[in-house]
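Me: I am new to this structure and would like a close look at one part of it. Could you take me through the place where the two chains meet, and then what surrounds it?

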Amino acid sequence: MTRIGLEIHCQLTKLASKLFCSCKAEYRNTTPNSNICPVCVGIPGSLPLLNKKAVEKAAMISLALGCTIPEKIGFFRKNYFYPDLPKNFQITQYNAYGPTSIGSDGKIEIEGKTIRIRRIQLEEDPGRLVYEGTSEKTMITLVDYNRAGTPLVEIVTEPDFETPKQVRVFLNVLADLVENIGVADPYLEGAMRVDGNISEGDGNRVEIKNVGSFRDVEKALHFEITRQQSLVERGITVLAETRHWDEARRITVSSRSKEDEQDYRYLPEADIPIVLIGNNSVEQIKTQMPESIVARRERYIKKYGMPAQVADVLSSDRFYSDLFDKSHNEKNAKEVSNIITTDLMGVADTREKKLELKITPKHVSELADAIMENKLTRNSGKSALHEMVKSGKSLADVMTSLDLGHVSDAGSIEKIIDEVFKEEEKAVAEAKQNPDTINYLVGKVMRKTKGKADPTTTLEILRKKLAG
Amino acid sequence: MNLGISATEFVSQVREGAISVEEFVAKTLERIEKVDGKIHAFITVDSQNALEKAKAIDKKIKSKEKTGICFGMPVSIKDNICTAGLKTTCASKMLENFVAPYDATVTSRLKSEDAIIIGKVNLDEFAMGSTTEHSNFGPTRNPWNTDYVPGGSSGGSGASVAALECLASLGSDTGGSVRSPASFCSVVGLKPTYGMISRYGLVSYANSIEQIGPIAKTVEDVAFLLNIISGHDVHDNTTAKNQNIDYVKDLKSGISGKKIGIISQMTGDGVDKEVASATNTAISKLQDLGAQCVSISLDAVEHSIAAYYTIAAAEASSNLSRYDNLRYGFDFGTEGYEFKAFISKARSNFGPEVIRRMLLGAFVLSAGYYGKYYLKAQKVRAMIKAQLDEAFKKVDYLISPTMPILPFKVGEKIDDPLKLYLTDINTVTANLSGIPAISVPFAMSSSGLPIGIQLFADSFKEKELLQAAYSLQETTNLPEMTL
């Protein structure tokens with residue numbers, strides 16, 4: 001049996017500042033070594049100052065994953081020498097001498113399977129090494145400390161996964177969850193990093209590091225499982241080691257480092273006093289937490305009668321569910337959810353695209369109303385939506401500029417049908433014989449009216465004319 | 001002009017217009033020029049800036065502008081406390097060129113009250129030692145007899161005050177580093193309660209037990225400095241809130257009716273005869289003032305040295321790991337080194353005592369030994385605290401000699417680290433438990449070497465502690481510095 005456990009590093013990118021100083025938590029797109037101060041580069045005499053907001057947000061993640069939050073939390077130093085680590089120790093949390101990390105013993109259901117969470121710890125990210133060329137062949141290594149001190153939570157699961165697919169589903173759920181809480185944008189480069197531990201049967205555990213994306217996690221796990229199974233089949237013992245995912249060759253490679261032998265000499269961090277959390281604070285944090293994805297899904301199904309699939313898709317995406325909650329009313333909820341899940345999500349499926357959307361809740365609401373009131377065909381609605389997304393113009397403006405008004409008066413449609421009859425004599429004759437081919441004529445009318453003709457009226461008049 | 005006046009006297013004389021700041025600072029600089037070659041208290045002297053500041057303060061006083069309460073008082077600062085623009089070397093090769101980009105909180109608080117930072121003073125490298133012999137820049141000598149050590153690690157602070165090279169100094173006390181030189185140099189030194197003074201800008205050695213502390217000629221001066229440098233600091237999460245106490249006010253309240261516990265483990269075997277006899281005299285003088293003295297046993301103290309060196313070394317091994325010469329440090333040809341070789345080459349420039357403690361610390365924290373040593377040391381620490389809590393239910397103060405022995409000669413004990421460690425037996429208890437302790441100069445030995453008496457009080461009872469120290473000080477009649 002394959003057993004897979006995960007360690008997920010998730011940066012709290014939505015916080016304003018780093019974990020122990022007031023430098024920005026969002027270090028991306030800054031000049032190297034400009035987002036730093038004496039604290040985050042460990043200048044002698046500087047002291048870490050705990051960001052209380054980070055503790056709150058980490059507590060929210062812990063609660064969302066069903067973890068227990070202890071009365072008191074504490075910080076430890078993990079000592080090792082590495083150039084990206086300015087103090088040569090990382091401030092983190094450690095449970096070997098009693099549970100003092102922000103969360104422990106949680107669980108989450110994934111497709112009917114329970115995944116146990118061993119612990120969640122709050123810690124600082126190191127800086128970044130930038131190699132000239134590849135890391136193996138480089139002669140020059142540069143250090144950028146802009147990231148040093150960025151708050152992150154490390155989530156450690158028990159080895160409860162059996163397949164790479166379960167892992168992928170879990171990671172997607174986890175990403176949605178932290179995004180929903182509003183603590184992190186998991187789709188930013190490097191914001192969510194995953195290490196996996198894999199073993200076959202009673203075999204040794206192999207750790208896989210350096211996996212860049214969720215998709216690669218699944219691939220790396222597949223590769224590693226196959227590698228271990230083929231070793232076992234040939235009676236070769238799987239070595240306990242750390243392997244790195246080689247993105248270019250799509251294989252895992254033994255890292256040959258002595259990481260497994262490292263002794264981190266953990267030591268309590270005395271510069272940060274023990275933080276009392278207690279039941280009251282936990283209750284307070286609970287009240288500040290946004291509605292969970294599960295609760296939201298239930299609400300959508302119960303209150304609006306949304307099909308489960310639509311409710312699933314909508315509730316797990318914070319951006320679109322917020323848009324839904326702000327744009328719908330009692331009457332148009334179903335239409336709004338349709339517009340969002342069938343049209344809008346297709347237009348903007350990535351973070352970058354979502355950020356570019358110029359659409360507001362008002363746009364969506366008006367669009368839904370217009371469709372329901374028969375002022376727009378669904379087809380024209382789609383065109384209007386595309387235009388509003390790009391330009392941010394009002395629905396009325398878009399309808400005028402694209403000439404999308406609904407043609408429903410029988411007179412105008414009849415005129416157009418007469419034109420079509422002249423042009424399509426053969427098709428008309430055929431339709432008289434075989435009523436099934438009538439759609440061809442409907443299509444012609446639609447093309448002439450750019451989709452504005454009311455389909456029901458068009459069909460009625462067509463039938464009458466063909467019969468007469 | 002008398003450079004032997006106290007800091008408090010200096011303030012009142014400047015206020016009255018009896019002396020000018022510029023003249024006093026100039027005379028002080030002359031004095032440093034004249035005697036520091038023999039004592040070597042200073043690593044850096046900031047003459048030009050000191051004179052300019054002095055002139056500016058004189059001008060402020062003349063034009064009746066608001067002036068800070070230090071009125072240009074020249075102070076020295078231990079070279080492990082950051083001063084923007086002045087080197088902070090920690091007496092180490094590793095930081096010989098390090099200039100902090102910011103002021104420690106204590107530095108900025110002194111500056112904002114118009115104290116003049118006249119220079120940075122010597123210490124055992126990274127404050128590890130009790131003689132100031134372990135400095136990369138050479139030892140500091142005792143102004144009362146330059147063949148002798150000044151105590152340590154804040155030996156430069158103690159010696160510079162005793163030798164009249166400044167009016168006051170800031171040291172740091174991890175295991176007695178303020179009180180030891182205060183005792184050996186016949187000046188007053190206070191180790192405040194942990195959390196009373198910001199450590200922001202103090203280069204960490206053992207961060208869970210150390211505090212910055214003032215060293216000055218009198219108890220009044222120490223109270224005056226404490227008013228300025230103590231209090232909550234947003235830059236240090238370990239500082240206590242709500243400390244709005246005036247330590248100068250009611251200083252002369254006396255100790256009549258107070259109870260003092262004589263710590264039997266610090267006054268018995270192993271204490272030098274002359275030191276023991278001075279301690280007995282101090283006790284009877286306090287009794288004469290109306291205090292009630294009783295013997296008290298704190299048996300956990302017997303394990304205090306072992307616990308102290310375990311905890312301090314463990315923290316040191318972590319605190320000092322940042323000195324890898326990557327971001328600051330000293331120059332050496334880096335060409336051709338791979339990362340690990342580079343780090344070990346750079347770190348081989350620590351002095352032997354620092355290396356000894358880092359190795360010891362790395363060992364006690366390593367897998368399999370943490371519980372055996374580090375956790376056990378923490379248990380001793382908790383035991384000491386519990387025994388002190390019990391003791392302070394019965395008494396207001398505790399008393400002992402600050403150092404169990406008289407100052408010894410430079411070079412005499414440096415080759416026997418264990419013997420040196422044992423001289424900290426009376427001071428480490430205050431650090432392990434966090435309580436405040438003060439060393440008050442009390443007597444001179446027959447050979448003319450200073451003897452200090454140590455008083456302890458419960459956490460955050462500095463006001464009461466200073467009252468007792470003042471009472472004890474008033475019973476003494478000590479010689480003037482003749483160097």
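How many residues of chain B are in contact with chain A, and how many of chain A with chain B?

Reply: Happy to walk you through it. This is a predicted model, in which local features need pLDDT of at least 70 and side-chain atom pairs count only at pLDDT 80 or more, while totals for chains, interfaces and linings use all residues. Residues are numbered from 1 along each chain as its sequence is written, with chains lettered from A and ligands numbered from 1 in the order in which they are written.

On the side of chain B, 32 residues are in contact with 24 residues of chain A (contact means C-beta atoms, placed from the backbone, within 7 Å). By class, the chain B side holds 17 nonpolar, nine polar and six charged residues (Ala, Val, Leu, Ile, Met, Phe, Trp, Tyr, Cys and Pro are nonpolar, Asp, Glu, Lys and Arg charged, and the others, Gly among them, polar). Two or more residues come from each of α10 (304-319), α11 (339-347) and α12 (352-365) of chain B (helices are DSSP runs of H or I with at least four residues, strands runs of E with at least two, numbered from the N terminus). The biggest giver is α10(B), with three residues.

Let us stay with α10(B). Helix α13 (residues 370-394) of chain B packs against α10(B) at an angle of about 125°, with the axes 9 Å apart (axes are lines fitted to C-alpha atoms, for helices over the stretch in contact, and angles run from 0 to 180 degrees between N-to-C directions). That angle is why α10(B) is called oblique to α13(B) (under 35 degrees is roughly parallel, over 145 roughly antiparallel, 65 to 115 roughly perpendicular, the rest oblique). The two helices cross in the left-handed sense (the near helix is turned anticlockwise from the far one by less than a right angle; clockwise would be right-handed). From α10(B), the residues S304(B), A307(B), T310(B), I311(B) and A314(B) take part. In α13(B) they meet Y373(B), Y374(B), A377(B), V380(B), R381(B) and I384(B). Eight residues of this contact are nonpolar, two polar and one charged.

Elsewhere in chain B, eleven strands make an open sheet with mixed pairing, in the order β1-β3-β2-β4-β6-β5-β10-β11-β9-β7-β8 (strands pair if DSSP finds at least two bridges between them). The edges are β1 (42-45) and β8 (292-296) of chain B, each with a single partner strand, so one side of each has no neighbour in the sheet. From one strand to the next, the twist averages 30°. Within this sheet, β5 (residues 188-191) and β10 (residues 437-444) of chain B are antiparallel partners over three bridges, and K191(B) stands opposite A437(B) in β10(B). Helix α5 (residues 155-162) of chain B packs on the sheet, its direction making about 160° with that of β4(B). The strands touched by α5(B) are β1, β2 (74-78), β3 (116-121), β4 (168-173), β5 and β6 (211-216) of chain B.

β5(A) pairs with β6 (residues 113-124) of chain A in the antiparallel sense over seven bridges, and I108(A) stands opposite I115(A) in β6(A).

Definitions and conventions
Contact = placed C-beta atoms within 7 Å.
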